[in-house]
Amino acid sequence: MTQDNPSIRLAKYLAMTGLCSRRAATRYIRDGKITLDGRLANHIDTISLTDSKSGFISNEILKFDGVLIQGIESKQYWMLNKSVGIDCRLLPHDPSSLLHLLPASPRLYPVGRLDKDSRGQLLLTNDGELTQKLMHPEFGHNKTYHVQVERNFDDSFLISMAQGVSYRDVTTLSCKMTRLDDDKFEIILTQGLNRQIRRMSQALGYKVIDLKRVQIQTLKLGELEEGEMRQLTANELALLLESCRPSNEG
């Protein structure tokens, strides 16, 4: 991207707008979800940029599923303590959607999801590359949950959960389990399978009645009140980004 005639590959630009990760952008282009000046975009398209007061914007008209894609915003990093009943899908017509809790600007997107009947820490950002690193299974990042089941359990339950549980057509990876109370435990996962903790517990004969995420990598929920959100501190962000660097980098 030169100063006189700045241009950028389409997938990279889409990631920089915060719409998605670069990998997801490639998939959206392939699936025909992105249009450029009214035509279907393709992978070799480049975007020409203009520097405005609000940041770099595309000279072309870009849309995702018919919705105009805005320009490149400065990176934002927020944390929300999600309540039970909030749906992490960004659905304008659903009154329970997380979308209605988010500001119009900056545009923020959740990193992964918490089930509607789960609560706790949700990271919100427009940094597509960080989202990719935290969500992709090859990176194996830690997510910590505090869980209550409907009855007391013995140590064999903890051992079975830690070793990995088979249900449906999957066997979960080993994880770290710690007892918190007679009917409560802490679990640290590196996977992110759909409703994983609930299905692991159910396979062993227990029903989850409360599930709260309390930490992602180095980022702790702390004392943030339920339903409240705040920006990450500079130190929190630095530690989180450092924890996402490959071990052989630098």
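Predicted model: local features only at pLDDT ≥ 70, side-chain atom pairs only at ≥ 80, totals over all residues.
Biologist: Into which domains is the chain divided, and what distance separates the centres of domain 1 and domain 3?

Modeller: The assignment gives domain 1 as 7–68, domain 2 as 77–137 + 218–244, and domain 3 as 142–216. Taken over C-alpha atoms, the centres of domain 1 and domain 3 are separated by 40 Å.

Biologist: In the open sheet of four strands, which are the edge strands?

Modeller: The order of this sheet is S3-S2-S6-S7, and its pairing is antiparallel. Within it, S2 (residues 34–36) and S6 (residues 62–64) are joined over three bridges, with Leu36 standing opposite Leu62. A strand at the edge pairs on one side only, and that description applies to strand S3 (39–40) and strand S7 (67–68).

Biologist: Which residues stand opposite Val147 in S15 and in S16?

Modeller: Strand S11 pairs in the antiparallel sense with S15 (residues 184–189) over six bridges, and it also pairs with S16, again in the antiparallel sense, over seven bridges. S11 is mostly covered, six of its seven residues being buried. Opposite Val147 stand, in S15, Phe185 and, in S16, Leu211.

Biologist: How is the aromatic pair of Phe153 and Phe157 classed: stacked, edge-to-face or tilted?

Modeller: A pair of aromatic rings is described by the distance of the centres and the angle of the planes. For Phe153 and Phe157, both of which are buried, the centre-to-centre distance is 5.0 Å and the planes stand at 45 degrees. Stacked would require planes under 30 degrees apart and edge-to-face over 60, so with 45 degrees the pair is tilted.

Biologist: Why is the pair of Phe153 and Tyr206 given its class, and what is that class?

Modeller: Phe153 lies in the loop between S11 (143–149) and helix H4 (155–163), whereas Tyr206 lies in the loop between helix H5 (196–203) and S16 (208–216), so that the pair links parts of the chain 53 residues apart. Both residues are buried. Because the ring centres are 6.5 Å apart and the planes are at 85 degrees, the pair is edge-to-face.

Biologist: Which residue lies over the face of Tyr206, and at what distance from the ring centre?

Modeller: Tyr206 belongs to a cluster in which ring pairs also link Phe153, Phe157 and Phe185. A charge counts as sitting over a ring only within 6 Å of the ring centre and within 35 degrees of the ring normal. Over the face of Tyr206 lies Arg151, and its distance from the ring centre is 4.0 Å.

Note on methods. Residues numbered from 1 in each chain as written. Heavy atoms only, no water. Domains from an automatic or database assignment. Phe/Tyr/Trp six-rings, centres within 6.5 Å; stacked < 30°, edge-to-face > 60°. Buried < 20%, exposed > 50% of the residue type's maximum accessible area, 1.4 Å probe, protein only. Helix = DSSP H or I, 4+ residues; strand = E, 2+ residues; numbered from the N terminus. Pairing = 2+ DSSP bridges.
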